[in-house]
Amino acid sequence: MSTPARPLRRDAQRNHDLLVQAARDVFAAKGLDAPLDEIARRAGVSPGTLYHRFATREALIEAAMQEHVEQAVAIAQEAYDDEDPWQGLDFLMTRVIAFQAADRGVCEAIGERRFPRGSPIGRLRKQYDHLAGLVIDRAKNARQLRADFGVDDLAALVIGAAYAIRSSSARTTLQRQLDLLQNGIRR
């Protein structure tokens, strides 16, 4: 029988919270491979404190990105709850592209990184993929979507559109990316 984890001391909890927020900020700007020393510096703690709180980069990513991936799952659930198949898919694409365009770390956590199935983000990703698959299948069944379109296609298109929007050289908008993508996947 395992014993419940003891709550952190107040100062340790504060450092934990500062590190998680700093990681979110740095990952948003630079991606999940951003230097950990920069995260510690932004949090106002030593690199040793960061490594004491989070033994691995993956543990820090999990802590920083979990809330964001939960938001992606909520978006997919809301898309699935929309009774109109195309409106549900449009909602999912619009919200997830905007979410990922605004935050490089989220883009990598949701779209590019593969987390172990048993990890918290791995389980959330599985839930997101399942809901997105249901939204896609419903649009296919309504004959509004190409029959060969799947969750992996959605992920690739969303990542590409988010990158194009985030890139200063692309000079494109969310609506332009959606129009191009949706015209390509409609049946």
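This is a predicted model: local features need pLDDT of at least 70, side-chain atom pairs count only at pLDDT 80 or more; totals for chains, interfaces and linings use all residues.
## Helix H1 and its end

Helix H1 covers residues 10–30, and at 1.5 Å a residue its 21 residues should span 30 Å, which agrees with the 30 Å that separates its end C-alpha atoms. Along this helix, the buried residues are Ala12, Asn15, Leu19, Val20, Ala22, Ala23, Arg24, Val26 and Phe27. After H1 comes glycine 31, which has a positive phi, near 90°.

## Salt bridges

Side chains of opposite charge can pair when their charged atoms come close. In the whole structure, a search finds five salt bridges, and one of them joins the side chains of glutamate 67 and arginine 24, with an N to O distance of 3.6 Å. Because glutamate 67 belongs to helix H4 (residues 57–81) and arginine 24 to helix H1, this pair ties together parts that lie 43 residues apart in sequence. The two partners can also be described by their accessibility: glutamate 67 is partly exposed, at a relative accessible area of 39%, whereas arginine 24 is buried, at 18%, a value under the 20% limit for a buried residue.

Another salt bridge is formed by the side chains of glutamate 108 and arginine 104, at 3.2 Å from N to O. These residues are four places apart in helix H6 (residues 104–112), so about one helical turn separates them. Here glutamate 108 is buried, with a relative accessible area of 9%, while arginine 104 is partly exposed, with 33%. A salt bridge also links arginine 146 with aspartate 148, where the closest N and O atoms are 2.8 Å apart; arginine 146 counts as partly exposed, at 38% relative accessibility.

## The nonpolar core

The largest nonpolar core contains 52 residues, and those with the most contacts inside it are Phe27, Ile39, Met65, Leu89, Leu92, Tyr128 and Leu154. Two or more residues of this core come from each of H1, helix H2 (36–43), H4, helix H5 (85–102), H6, helix H7 (120–141), helix H8 (151–166) and helix H9 (174–185). H4 supplies the largest share, with 10 residues.

What does isoleucine 39 contact, leaving aside its neighbours within four places in sequence? The residues in contact with isoleucine 39 are Leu19, Ala22, Ala23, Val26, Phe27, Leu50 and Leu60. Among them, Leu19, Ala22, Ala23, Val26 and Phe27 are buried residues of H1.

## Cavities

The count of cavities of 30 Å³ or more comes to two, and the largest cavity holds about 70 Å³ of space. Its lining is made up of Val96, Gln100, Ile110, Gly111, Arg125, Tyr128, Asp129, Val151, Leu154, Ala155 and Val158. The elements that contribute two or more residues to this lining are H5, H6, H7 and H8, and H8 gives the most, with four residues.

Alanine 34 is found in the loop between H1 and H2, and with a relative accessibility of 2% it counts as buried. When residues up to four places away in sequence are not counted, alanine 34 touches Val26, Phe27 and Arg57. Alanine 34 and arginine 57 are 23 residues apart along the chain, and their C-alpha atoms are separated by 9.9 Å.

Note on methods: Residues are numbered from 1 along each chain as its sequence is written. Side-chain values use heavy atoms; hydrogens and water are left out. The expected span of a helix is 1.5 Å times one less than its number of residues. Buried means under 20% relative accessible area, exposed over 50%, partly exposed in between (1.4 Å probe, protein chains only). A salt bridge is a side-chain nitrogen of Lys or Arg within 4 Å of a carboxyl oxygen of Asp or Glu. A nonpolar core is a set of buried Ala, Val, Leu, Ile, Met, Phe, Trp, Tyr and Cys residues joined through side-chain atoms within 4.5 Å. Contact means heavy atoms within 4.5 Å. On a 1 Å grid over the protein atoms alone, a cavity is a set of points where a 1.4 Å probe fits but cannot get out, and a pocket is an open set with protein on both sides within 12 Å along at least five of seven lines; lining residues have an atom within 4 Å of a point. Grid points are joined across faces, edges and corners, and a volume is the space filled by probe spheres set on the points.
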